[in-house]
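Subject: Structure handover

Hello,

Here is the structure you will be working with.

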Amino acid sequence: MKRTIIITFLLLLIGTGIYFFLRPEQKDTLSAPKETKPTSSSVQTYVKENYMTKNGLIIDYKNAQEPHYLAESIGLYMEYLVEVNDSTTTNAIVDDFRITEALYQASKKWDHQAYQTLADTLISNTKKYSAVQGVPVDFYDFVHKKKADTLHLSYLNIQAMRHINYSAKAYAPIKNVSATPFFTEVFQNEQFQNADANEVNMIDQMLIAIAYYDENGTVEPNFDQFLQTELTSKGKIYARYDRETKEPNSENESTAVYAFLTQYFNKTNQAKNGKITKELLEKMDTSNPETTHFFDYINKEITLKK
């Protein structure tokens with residue numbers, strides 16, 4: 001069945017508010033690339049049946065009484081589709097960066113200039129609206145025409161940012177952040193701050209660690225050593241830790257954390273640890289869409305396809 005990616009994608013943008021970024025006069029209709037044969041279609045079917053609404057938006061849980069519509073997860077889903085060679089489907093800066101990078105990957109993979117043109121427009125307007133004195137900020141409020149004054153470092157996507165001429169100042173927060181062993185998560189008024197004084201969310205920590213490596217070309221030594229020590233001593237990484245004691249706050253593990261750990265270890269050439277976390281990821285049960293958040297489900301699928 002032929003479906004046009006760009007039509008669905010624009011509907012998603014409109015539904016999530018990102019359409020504001022794409023309002024410049026676009027006179028030409030963007031066509032779809034030549035249809036390809038996906039290497040896998042089971043995930044696409046699963047997402048459509050369990051996480052996608054009739055108008056193409058993605059929700060957090062199946063049958064949720066008060067569903068949340070997930071702009072960032074649209075970008076994650078697009079990333080998965082590129083990973084499996086599917087060209088027939090289809091605000092915060094984290095949403096824009098995810099979607100932009102997926103479009104750039106799609107343009108390169110399928111040699112389709114229209115996707116790069118759309119990505120260029122989105123990233124240019126992200127830079128224009130969601131930055132203060134050259135430094136990215138969390139969001140731009142179009143209703144009140146006001147920019148945030150904070151940057152959560154986990155929102156940064158270095159690969160997406162490099163497609164446009166961000167100044168060196170834009171990269172300074174992720175270049176200069178340090179960990180003891182945990183990263184400070186927020187940059188505000190030229191200062192680093194903890195998102196929570198007592199607790200550390202390892203999803204945020206892993207996203208910062210990946211961005212740190214992408215920008216600096218090396219791991220943050222204190223954080224990397226913490227991960228290795230935890231894996232050696234406990235055989236696992238927990239979802240949340242006490243910032244002061246460095247001990248887990250509960251026995252809970254996280255599918256997304258294991259997905260990002262696997263990506264991190266593979267990216268930083270730590271194959272042994274990557275194998276360990278991949279095995280832990282494969283054991284995480286994501287079979288029930290009513291209790292599994294889409295973020296966990298799709299990050300697991302993306303990681304296992306890489």
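Leaving aside neighbours within four places in sequence, Gln263 is in contact with Ile210, Ile302, Thr303 and Lys306, where contact means heavy atoms within 4.5 Å. Gln263 belongs to helix H10 (residues 255-267); helices (H or I, at least four residues) and strands (E, at least two) are DSSP runs, numbered from the N terminus. Is Gln263 buried or exposed? Its relative accessibility is 17%, so Gln263 counts as buried. Buried means under 20% relative accessible area, exposed over 50%, and partly exposed in between (1.4 Å probe, protein chains only).

Before going on, note that this is a predicted model, in which local features need pLDDT of at least 70, side-chain atom pairs count only at pLDDT 80 or more, and totals for chains, interfaces and linings use all residues. Residues are numbered from 1 along each chain as its sequence is written, and side-chain values use heavy atoms, with hydrogens and water left out.

Thr303, one of the contacts of Gln263, lies in helix H12 (residues 294-305). Thr303 counts as buried because its relative accessibility is 6%. Not counting residues up to four places away in sequence, Thr303 touches Ala259, Thr262, Gln263 and Leu281. Thr303 and Tyr258 are 45 residues apart in sequence, and their C-alpha atoms are 9.3 Å apart in space.

Val82 is in helix H3 (residues 71-83). With 7% relative accessibility, Val82 counts as buried. Which residues is Val82 in contact with, leaving aside its neighbours within four places in sequence? They are Ala102, Gln105, Ala106, Lys109 and Trp110.

Next, helix H5 (residues 113-129). Its 17 residues, at 1.5 Å a residue, should span 24 Å, and the end C-alpha atoms are 24 Å apart, which agrees. The expected span is 1.5 Å times one less than the number of residues. Buried residues in H5 include Ala114, Tyr115, Leu118 and Ala119. Lys127 lies over the face of Tyr166, at 5.8 Å from the ring centre. A charge sits over a ring if NZ of Lys or CZ of Arg is within 6 Å of the ring centre and within 35 degrees of the ring normal.

Now the aromatic rings. How many aromatic pairs does the structure hold? There are 16 aromatic pairs. The centres of the Tyr51 and Phe294 rings are 5.1 Å apart and their planes are at 70°, so this pair is edge-to-face. Rings of Phe, Tyr and Trp (its six-membered ring) pair if their centres lie within 6.5 Å; planes under 30 degrees apart count as stacked, over 60 as edge-to-face and the rest as tilted. Tyr51 and Phe294 are both buried. Another edge-to-face pair is Tyr140 and Phe142, with 4.7 Å centre to centre and 80° between the planes; both of these residues are buried. Ring pairs also link Tyr46, Tyr51, Phe294 and Tyr297 into a cluster.

Last, the sheet. Three strands form an open sheet in the order S5-S6-S7, with antiparallel pairing; two strands pair if DSSP finds at least two bridges between them. Strands S5 (150-152) and S7 (191-193) stand at the edges with a single partner strand each, so one side of each has no neighbour in the sheet. S5 pairs with strand S6 (residues 186-188) over three bridges, in the antiparallel sense. Leu151 stands opposite Phe187 in S6.

Regards
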